[in-house]
Amino acid sequence: LDDQAASMMYSLIAAEMAAGYALADKNVAAPYLNWKRFNSGPYISSTHGKRYINNYGNALARDYGNFENAIVLPEGAILAKDSFTITKAGTPVPGPLVVTEKMAPGFNYVSGDWRYSMVLPDGSLFGTTNGEGSRRVEFCIACHLARETTDHLFFVPRKYRPAPK
């Protein structure tokens, strides 16, 4: 899809996606669409299953918008990435919601004290760091270790960053 078509597809299913995720027993799943969106439009992420994703953050995650110049985000900062794919017939299909939450120091040294959780489109929890299904999300920690110098964070590709104000 071109960028305009990807944005249109997202607009068609964003509310449905959020409603499905909200069925999870997770405080972040319901309100994330009201948070700051850090990308100008959906983009394909090879590290998230080649799905189209969007990056949102709560108020404590605002410095994520400084991208590579972001400081270490504070405890309570939450980043959420919803996702979708497009079928061969051109229909958008919701994918998982990935939630990254900065926890108190000592939560998990290897993850930089980030808790990774994945919520499936039906609201079921696939896994969460140091919790239910934690082995299923260990790949998140392994991948994000490559970004230890930037608080274990990857950033929105430059092409999809909002224009400076």
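**Strands, pocket and cysteines**

Biologist: Which residue stands opposite Lys36 in S3?

Modeller: Lys36 stands opposite Gly57 in S3. Please keep in mind that this is a predicted model.

Biologist: How do S1 and S3 pair, and over how many bridges?

Modeller: Strand S1, residues 36-37, pairs with S3 in the antiparallel sense, and two bridges join them.

Biologist: Which residue stands opposite Ser45 in S3?

Modeller: The residue opposite Ser45 is Arg51. S2 and S3 also pair in the antiparallel sense, here over three bridges. They form a hairpin with five residues between the two strands, and Gly49 in that turn has a positive phi of about 75°.

Biologist: And how many bridges between S3 and S4?

Modeller: Six bridges, again in the antiparallel sense. For one of the residues, Ile53, the bridge partner in S4 is Ser83.

Biologist: Is S3 mostly covered or mostly open?

Modeller: S3 is mostly covered, as six of its seven residues are buried.

Biologist: Changing topic: what is the volume of the largest pocket?

Modeller: Its volume is about 330 Å³. The lining of the largest pocket comprises 24 residues, and those nearest the centre are Ser45, Thr47, His48, Lys81 and His144.

Biologist: Which element gives the most to that lining?

Modeller: Helix H2 does, with four residues. Elements that supply at least two residues each include S2, S3 and S4. By class, the lining of the largest pocket has 15 nonpolar, seven polar and two charged residues.

Biologist: How many cavities of 30 Å³ or more does a search of the whole structure find?

Modeller: The search finds one. The largest cavity has a volume of about 70 Å³, and its lining includes His48, Lys81 and His144. S4 and strand S6 (97-102) are the elements that give two or more residues to this lining.

Biologist: What classes of residue line the largest cavity?

Modeller: Five are nonpolar, three are polar and one is charged.

Biologist: Now the cysteines: how many disulfides are there?

Modeller: The count comes to zero. Cys140 is in no disulfide, and the nearest cysteine sulfur, that of Cys143, is 8.1 Å away.

Biologist: Is Cys140 buried or exposed?

Modeller: Cys140 counts as buried because its relative accessibility is 10%, and the cut-off for buried is under 20%. Cys143 is partly exposed, with a relative accessible area of 31%.

Terms used. Residues are numbered from 1 along each chain as its sequence is written. This is a predicted model: local features need pLDDT of at least 70, side-chain atom pairs count only at pLDDT 80 or more; totals for chains, interfaces and linings use all residues. Side-chain values use heavy atoms; hydrogens and water are left out. A disulfide is a pair of cysteine sulfur atoms within 2.5 Å. Buried means under 20% relative accessible area, exposed over 50%, partly exposed in between (1.4 Å probe, protein chains only). On a 1 Å grid over the protein atoms alone, a cavity is a set of points where a 1.4 Å probe fits but cannot get out, and a pocket is an open set with protein on both sides within 12 Å along at least five of seven lines; lining residues have an atom within 4 Å of a point. Grid points are joined across faces, edges and corners, and a volume is the space filled by probe spheres set on the points. Ala, Val, Leu, Ile, Met, Phe, Trp, Tyr, Cys and Pro count as nonpolar, Asp, Glu, Lys and Arg as charged, and the others, Gly among them, as polar. Two strands pair if DSSP finds at least two bridges between them.
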